[in-house]
Amino acid sequence: MVSYDAADLPATARIRYMGNKHAIAGEIAGLVSERTRGIPIVDVFCGLSSIASAIAPSKRPVWGNDVQAYAALAARCQTASAKGPLKSGDMARRLAPHYSRNLRALKARFEDELATEARALRGPGKKGYRAAHDTWTHAGNDPRVAAEVDSLRAAPDQFPARLCVLSYSWGYFGLKQSMSLDSIRFALDQAHREHELSRPQWEWGVLAMLQAASICAATSGHFAQYLRGRTETSYRRILRQRARDPWVEFLTACDELQPFGSREWRRLNRCYSTDALGLWPKLDTDGLADAIIYADPPYSRDQYSRFYHVLETLVRYDYPSVSGIGRYRADRFQTEFSVKSKVRTAFERLLAAISDRDFSLVLSYPSNGLFMKASPDYSLEEVLRDHFDRVELAMRARLSHSTLGARHGASSVPVEELVWIAD
Ligand SMILES: C[S@@+](CC[C@H](N)C(=O)[O-])C[C@H]1O[C@@H](n2cnc3c(N)ncnc32)[C@H](O)[C@@H]1O
């Protein structure tokens, strides 16, 4: 059994995942490489693909799946695309005319509001900022704006693109920043429609846009809520974040983002975006006869879809109805692995699907995960033994998991991550 201590997760990705597995991905890749060479590993909750990145040098194929569209997009780009993104100069040349056209239209409509924002950010202090914030109407607090979003949902290609402006301004992003993000997205879509960008180039562009959004957002690190300037620290942070320019960050991301591994390796890989509980017939149809399944399911009651809903919406760009202070999309995916009354059944279904196919399993789960709280009389190890002939606890690692903000007090807590191998 490998024992591993990693108090701090390295920030290798700009779009960061709560509790990601970067710190132990290499160890997990090592466990897998000792097993049957060449057969694919299927990472059914792939998140930001840290396992694929660690597996890449071994040339073993990795098939990724994540129910969230933004994670699946990142997986497609980084693990299964022939090339990396267009470099900034080339991207800027192709997008600039479309970007400027959308931006001009938005500036013309929101001229007065832009001036109000500029004044508020120049510094009447946090009271002035909050007063201006409270007068802003958006899709989450005003029926007229919500009705405009409804009509755009039915015809999302209407000009100018304005999802961020209508739904997230004076919140996660400033108004000016939202205009820029919408205009980047419009430019990507328009360039793709006019055959100036291939589909993979468009996908890398959307990933670079997510990077820009993550870097510019006024949040405490995820999208469950935005900073509202209640304290001097939060107000100062808002000012710093609002000074960032999404277009500049987007172009920087085009130069920074890179695919993992070799082109030959990426050609072997596949990506899916569906509920891990319903993935199996698709894998059968695609001829997956032998595989190692890597499962790193959600482990707490915190729904990932709540913490990353803005990224999800920026990928889908489908003008969802939004509500609540966090302006959450109404149709957020609710995973059964994060519902106390459902987590045990979810595990049973997942393990049955894997063992029915005679696949091997590598399972990562913290020792204080929701399953343990929901099922004190039937341990995870017992469930594994009921589905597999051989079960081995292969690794214990001390990790630091983000607690996702103030609701829980401390910003991170030490957890013990357990890694089982079963076949
Ligand atoms: C613990 S994270 C995985 C992190 C990943 N190993 C990494 O290193 O980035 C769990 C992931 O599962 C996804 N997810 C949650 N429920 C799911 C489900 N039912 N089916 C597929 N993916 C799901 C979440 O979107 C999230 O990205």
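Is Y168 buried or exposed? Y168 counts as buried, because its relative accessibility is 0%; buried means under 20% relative accessible area, exposed over 50% and partly exposed in between (1.4 Å probe, protein chains only). The model is predicted: local features need pLDDT of at least 70, side-chain atom pairs count only at pLDDT 80 or more, and totals for chains, interfaces and linings use all residues. Residues are numbered from 1 along each chain as its sequence is written, and side-chain values use heavy atoms, with hydrogens and water left out.

Rings of Phe, Tyr and Trp (its six-membered ring) pair if their centres lie within 6.5 Å; planes under 30 degrees apart count as stacked, over 60 as edge-to-face and the rest as tilted. This rule gives 17 aromatic pairs. Y168 and Y172 form one of them, edge-to-face, at 5.9 Å centre to centre with 85° between the planes. Y172 is also edge-to-face with Y226, at 5.2 Å and 75°. Y172 lies in the loop between α8 (163-168) and α9 (175-193), and Y226 in the loop between α10 (199-216) and α11 (232-242), so this pair ties together parts 54 residues apart in sequence. Helices (H or I, at least four residues) and strands (E, at least two) are DSSP runs, numbered from the N terminus. Y172 is buried, with a relative accessible area of 0%. Y226 is buried at 8%. Elsewhere, ring pairs link F45, F337, F347, Y365 and F371 into a cluster.

D358 lies in the loop between α17 (343-356) and β8 (360-366). D358 counts as exposed because its relative accessibility is 64%.
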